[in-house]
Amino acid sequence: MARLPHETVGPAASYARLATQPSRTTPVASTASPTPMIAAPEPACTMSLDECKKGLGTPNTFYLTFRFAACSGASFVQTWLVNGRPSGVSMFNVRVVGTIAKNSRTIGFKYYFTEMESQGTTEAPAMKIGTKGKIPNSWPSTVRYTRGGNMPGTKTFAELKVLRSFNETVNAKPGQGSQGTTDLIAAIFLWSAR
């Protein structure tokens, strides 16, 4: 079942149920101090694989540092059978980090295949894994996107274990967004590996 980050706003928030927990919580400033509040600088528009791993932790499927840097991930486990009996197991994790440079109309996605392991008797090295990203909804609905990067399509477990990561870019040219001076676009991006 699709879930969106708790922080999702605007028309995209109606696409699927929102998570009940925030993706990230920021420390609450104490109001007891008479010192005036100083505006904090915006976080970096980047996120490393290690930051993504730490932010996702065990139960979370997405993590946002703020609207220009977010990640999601999933674990995949396969049980292999011979004559109907378990003969081995394989697994891999996929994490996708999405970032947008400030004032940019291009989203960069980096896909990471990690912890790729197998034990026992398996056909894991030859197992085909297809990876893709899609935009099922945009607001306005007439927005057209240009895609780039080195998305591998379908590769074997062994090939992805060597490749480890790849990039995809999604760009919306100016003038397709909301009317007026803002030219805003909202969209849902979904990825899958199977």
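This is a predicted model: local features need pLDDT of at least 70, side-chain atom pairs count only at pLDDT 80 or more; totals for chains, interfaces and linings use all residues.
Strand E3, which covers residues 62–66, and strand E4, which covers residues 69–82, pair in the antiparallel sense over four bridges, and together E3 and E4 form a hairpin with two residues between them. Five of the five residues of strand E3 are buried, so this strand is largely enclosed by the rest of the structure.

Strand E4 also takes part in a covalent link. A disulfide joins Cys52 to Cys71, with an S to S distance of 2.4 Å, and the count of disulfides in the model comes to one. Because Cys52 lies in helix H1 (residues 49–56) while Cys71 lies in strand E4, the pair ties together parts that are 19 residues apart in sequence. The torsion about the S-S bond of Cys52 and Cys71 is about 100°, so the disulfide is right-handed. Both Cys52 and Cys71 are buried.

The nonpolar interior can be described next. In soluble globular proteins, nonpolar side chains tend to be buried together. Here the largest nonpolar core has 17 residues, and Phe92, Val94, Phe113, Ile129 and Phe157 are the ones that touch the most other members. At least two residues of this core are supplied by each of strand E5 (85–100), strand E6 (106–120), helix H2 (157–163), strand E10 (165–172) and strand E11 (186–193), and E6 gives the most, with four residues. Val94 shows what such a position looks like in detail: when residues up to four places away in sequence are not counted, Val94 touches Ser72, Gly73, Ala74, Phe76, Tyr112, Phe113, Trp191 and Ala193. Apart from this core lies another one, of nine residues, among them Met47, Leu56, Cys71 and Tyr112.

Aromatic side chains form a further theme. The count of aromatic pairs comes to six, and one of them is made by Phe109 and Phe189, whose rings are stacked, at 3.9 Å centre to centre and with 15° between the planes. This pair links distant parts of the chain, since Phe109 is in strand E6 and Phe189 is in strand E11, 80 residues apart. Phe109 has a relative accessible area of 10%, and therefore counts as buried, the limit being under 20%. One aromatic cluster is formed by Phe76, Phe92, Tyr111, Phe113, Phe157 and Phe166.

What polar contacts does the side chain of Thr114 make? Thr114 is found in strand E6, and at 3% relative accessibility this residue counts as buried. The side chain of Thr114 makes polar contacts with the side chains of Arg95 and Glu115, and the table gives the distances.

| Side chain | Partner side chain | Polar contact distance |
|---|---|---|
| Thr114 | Arg95 | 2.7 Å |
| Thr114 | Glu115 | 2.4 Å |

Leaving aside neighbours within four places in sequence, Thr114 is in contact with Leu49, Phe92, Asn93, Arg95 and Arg164. Among these, Arg95 is also a polar partner of Thr114, and Phe92 is one of the residues that touch the most other members of the largest nonpolar core.

Methods: Residues are numbered from 1 along each chain as its sequence is written. Side-chain values use heavy atoms; hydrogens and water are left out. A nonpolar core is a set of buried Ala, Val, Leu, Ile, Met, Phe, Trp, Tyr and Cys residues joined through side-chain atoms within 4.5 Å. Buried means under 20% relative accessible area, exposed over 50%, partly exposed in between (1.4 Å probe, protein chains only). Contact means heavy atoms within 4.5 Å. Two strands pair if DSSP finds at least two bridges between them. Rings of Phe, Tyr and Trp (its six-membered ring) pair if their centres lie within 6.5 Å; planes under 30 degrees apart count as stacked, over 60 as edge-to-face and the rest as tilted. A polar contact is a pair of N or O atoms within 3.5 Å; within protein, one must be able to donate a hydrogen and the other to accept it, and residues adjacent in sequence count only if both atoms are side-chain atoms. A disulfide is a pair of cysteine sulfur atoms within 2.5 Å.
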